[in-house]
Amino acid sequence: MESGSLLANIAILVLAGFVGFAVISKVPNTLHTPLMSGTNAIHGIVLLGGLIVLGELENPSVLDSVILTVAIAFGMINVVGGFLVTDRMLGMFKSGPDRKKSTATKGRD
């Protein structure tokens, strides 16, 4: 890889980070959890891509295998954590006997 190409890729990465921060910082608090849920669902696609790349490499080096394995593990943690947070968020909007029973017995413990 040329040094000019590497420098251009690093510049794009840094600019994308700044744009992402600027966009996310303007999101109201009430939308953070639904947006994170969507982002974690998109991360599932990234996870699938990592699995496909790892499976299609003919002679992967140890470094390639380690980087892909770490990326897949972090992606899986992000997907599972995102769905757990989403489930908890949706649980806050439930009404009915299950919700009333859990709040009524909470103070008695």
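pLDDT is the predictor's confidence in each residue, on a scale from 0 to 100. The protein averages a pLDDT of 79, and 83% of the residues score at least 70. This is a predicted model, in which local features need pLDDT of at least 70 and side-chain atom pairs count only at pLDDT 80 or more, while totals for chains, interfaces and linings use all residues. Residues are numbered from 1 along each chain as its sequence is written, and side-chain values use heavy atoms, with hydrogens and water left out.

**Overall build**

The protein has four helices and zero strands. Helices (H or I, at least four residues) and strands (E, at least two) are DSSP runs, numbered from the N terminus. From that end on, the elements run α-α-α-α. Confidence is highest in α1, at a mean of 88, and lowest in helix α4 (residues 97-106), at a mean of 55. Where pLDDT is low, the predicted coordinates should not be read in detail.

**Surface and interior**

Buried means under 20% relative accessible area, exposed means over 50%, and partly exposed lies in between (1.4 Å probe, protein chains only). Of the 109 residues of the protein, 12% count as buried. The protein exposes about 9000 Å², and carbon and sulfur atoms supply 71% of that area. Accessible areas come from the Shrake-Rupley method with a 1.4 Å probe; for residues, only the protein chains shown count as cover.

**Helix α1**

Ile10 lies in helix α1 (residues 3-25). Ile10 counts as partly exposed because its relative accessibility is 44%. Together with Leu6, Val14, Leu15 and Phe18, Ile10 makes a nonpolar surface patch of about 490 Å². Like charges are joined within 9 Å, and nonpolar side chains (Val, Leu, Ile, Met, Phe, Trp, Tyr) within 5 Å.

Helix α3 covers residues 62-91. Its end C-alpha atoms are 43 Å apart, which agrees with the 44 Å that its 30 residues should span at 1.5 Å a residue. The expected span is 1.5 Å times one less than the number of residues. The buried residues of α3 are Leu68, Ile72, Gly75, Val79, Gly82, Thr86 and Met89. An α-helix has 3.6 residues a turn, so residues three or four places apart point the same way.

Gly81 and Asp64 are also in α3. Gly81 is partly exposed because its relative accessibility is 27%, and Asp64 is partly exposed because its value is 35%. Val46, in helix α2 (residues 32-56), counts as exposed because its relative accessibility is 53%. The table gives C-alpha separations for these residues.

| Pair | Apart in sequence | C-alpha separation |
|---|---|---|
| Gly81 and Asn40 | 41 residues | 8.3 Å |
| Val46 and Ala71 | 25 residues | 9.1 Å |
| Asp64 and Leu54 | ten residues | 8.4 Å |

Definitions and conventions. Patches are made of residues with over 30% relative accessible area and no salt bridge: like charges are joined within 9 Å, nonpolar side chains (Val, Leu, Ile, Met, Phe, Trp, Tyr) within 5 Å. A salt bridge is a side-chain nitrogen of Lys or Arg within 4 Å of a carboxyl oxygen of Asp or Glu.
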